[in-house]
Amino acid sequence: MKNKFVKWLSLPYAFWSIAFVIIPLLMVFYFGLTDKSGKFTLSNIMSISLPVHFKSLLIALLLSLISTVICLLLSYPLAMILSSMNSSGNSKLMILIFVLPMWMNFLLRTLAWQTLLENEGVINTILRAVHLPALKIINTPYAIVFGMIYNFLPFMVLPIYNVLCKIDKNLLNAARDLGANEVQTFMKVTLPLSVPGIISGITMVFVPALTTFVISDLLGGSKILLIGNVIEQEFTLNSNWNLGSGLSIVLMLFIVISMIITAIFDKDGEGSAL
Amino acid sequence: MANVLKKIYIALIFIFLYAPMAVLIVLSFNASKSRSKWGGFTLKWYGKLLSDSSIMEALFTTLALALLSALISTFIGTIAALAITGMKKSTRTLMMGITNIPMLNAEIVTGISLMLLFIFFNVKFGFTTILLAHITFNIPYVILSVLPRIKQLNPSAYEAAMDLGASPFKAFFKVVFPDILPGVFSGLLMAFTMSIDDFIITHFTKGAGVDTLSTKIYSQVRKGIDPKMYALSSVIFVTVLILLILVNILPNSGKKVKEKK
């Protein structure tokens, strides 16, 4: 396969990446570092220190961290159970179960949680019927965290599931033969071997959660602004592309940090996502 | 006991993931337009669906975008994956790094970066700009699903075909292509799904007058969602569900019967 012709096959993709990935990113820096008249300025980036911007960044960081941790806590046991059932080779089916919801529109799926979480909604009706106190979480940060967990849980389950399936069962048996109990086997063998999947899952949940504007829009009652909402409004409502780009550069700083962490753990450079 | 707990846990997560689907299907039969009141059972939203030209137009745009972007990104992504496998390690790492950018970057940044590109070069926003954006975020999914297949290939098979007198072209289509086809196909399917479900990147790269189902739904959030949208998504969901059951479960159950013999 190592003939010259094959090398040329990468040209369309190389061209595409430069035109539609690299140059657009340079555009963000160009607009972010200039003012409306095209002069160099740092004011767009520094505007993150304005209270309203800084607050939106802090809330976004806080909510996305909470959702990432909860996603991890929910996903790890799930991935373990699923991978232990994997002997019959139904992994494809499990992945389909997580991909299938994508066929129902993402906005409608999130809006459906409004119906479920509302003060007079389905969940509260059930809670009242069994004489439990009602939840008042719609239009609060809790509802946003809920929406984040719902939307991004599959991105945590799948990478962890993938690494757990690849673990050699002989290693686990060897640990038990050498006298380790279940907890020790998990702590000393399974958990360390699954770190790449965990890291990959964390970035796959944290980045979209940190940068979302849709979930906060739909479930937060548009009262709670995340950094994503601020950027979106600068682009669509205020048409202030320079300010929007400047804030995006700040946002990208956090994305780059999580990309570097992933690169350190994901040495094959393949991504274990899907 | 532990097994029961495991099953309960899976069931709870399953309910969590699929409860919204159930809500949307119930809402599609709701005579009241409100999302929180049940106004009695009706089929009228399904009946009116086909005659709503603006929803049908958005559906057509969504499907055309998904099909075109999936086909084009599958073509570019597959040949790129073939080339990447044959590259030196340093070039390969660079290519994979670039491939990971749209995967790991925030959708909002990808969306606004493309928006700025089109603004800067004075490209008119419309169907073409959305298509270019969708191809861009779809190619990595194709590459990542084709690459593992290529790695499993036996390089000798291709060389053997050449030794036996096949042209490189023929050797590729008779030997290599059938082996990587499952990866190509799952890449195509993934790309199609991602394109259908995308809202954020479309939101920033669409022009006035063009709407996909996602952007149409978003524009209705404030004034109330047209219940015909629930009907349409229920139809799409059930169709895909049936297709997946036919494609995945039927052949598998056949296999199991054979194994038992």
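Which residues of helix 10 of chain B are buried? The tour returns to that point at its last stop. The structure on display is a predicted model, and every selection below refers to it.

**First stop: chain A as a whole**

The chain contains 14 helices and 0 strands, and the pattern along the sequence is accordingly α-α-α-α-α-α-α-α-α-α-α-α-α-α. Of the 274 residues in chain A, 45% count as buried. Contacts in chain A with a separation of 6 or more may also be considered: 74% of them are accounted for by residues 24 or more positions apart.

**Second stop: the two domains of chain A**

Colour residues 1-32 of chain A as domain 1 and residues 45-265 as domain 2. The C-alpha centres of domain 1 and domain 2 of chain A are 30 Å apart. Where they meet, domain 1 of chain A supplies 4 residues to the contact and domain 2 of chain A supplies 7 residues. On the side of domain 1 of chain A that touches domain 2 of chain A, the residues comprise 3 nonpolar, 1 polar and no charged.

Hide chain A and select chain B. Here there are 11 helices and 0 strands, in the order α-α-α-α-α-α-α-α-α-α-α along the sequence. The C-alpha atoms of chain B occupy a box of roughly 70 × 65 × 40 Å along the principal axes. The radius of gyration of chain B is 23 Å, whereas a compact globule of 261 residues would have a value near 18 Å. Of the 261 residues of chain B, 39% count as buried. Among contacts in chain B with a separation of 6 or more, residues 24 or more positions apart account for 77%.

**Fourth stop: where the chains meet**

Show both chains again. The contact between them involves 72 residues of chain A and 73 residues of chain B. Select helix 2 of chain A, residues 11-32, which gives the largest share of the side of chain A that touches chain B, namely 12 residues. Colouring that side of chain A by class gives 48 nonpolar, 16 polar and 8 charged residues.

Next, select Phe152(A), Met156(A), Val205(A) and Leu251(A), the residues with the most contacts inside the largest nonpolar core, which has 132 residues. Helix 8 of chain A, residues 141-166, gives the most to this core, with 17 residues. Domain 1 (1-32) and domain 2 (45-265) of chain A each provide at least three residues to this core.

Which residues does Leu251(A) touch, leaving aside those up to four places away in sequence? Centre the view on Leu251(A) to find Thr211(A), Ile227(A) and Ile231(A) among them.

**Last stop: helix 10 of chain B**

Finally, select residues 213-220 of chain B, which form helix 10. This helix is mostly covered, with 6 of its 8 residues buried. The opening question can now be settled in the viewer: the buried residues of helix 10 of chain B are Leu213(B), Ser214(B), Thr215(B), Lys216(B), Ile217(B) and Tyr218(B).

Key: Residues numbered from 1 in each chain as written. Chains lettered and ligands numbered in written order. Predicted model: local features only at pLDDT ≥ 70, side-chain atom pairs only at ≥ 80, totals over all residues. Core = buried A, V, L, I, M, F, W, Y, C linked by C-beta atoms within 7 Å. Buried ≥ 20, exposed ≤ 12 C-beta atoms within 10 Å, placed from the backbone. Helix = DSSP H or I, 4+ residues; strand = E, 2+ residues; numbered from the N terminus. Domains from an automatic or database assignment. Contact = placed C-beta atoms within 7 Å. Rg over C-alpha atoms; globule rule 2.2 N^0.38 Å. Nonpolar A, V, L, I, M, F, W, Y, C, P; charged D, E, K, R; others polar.
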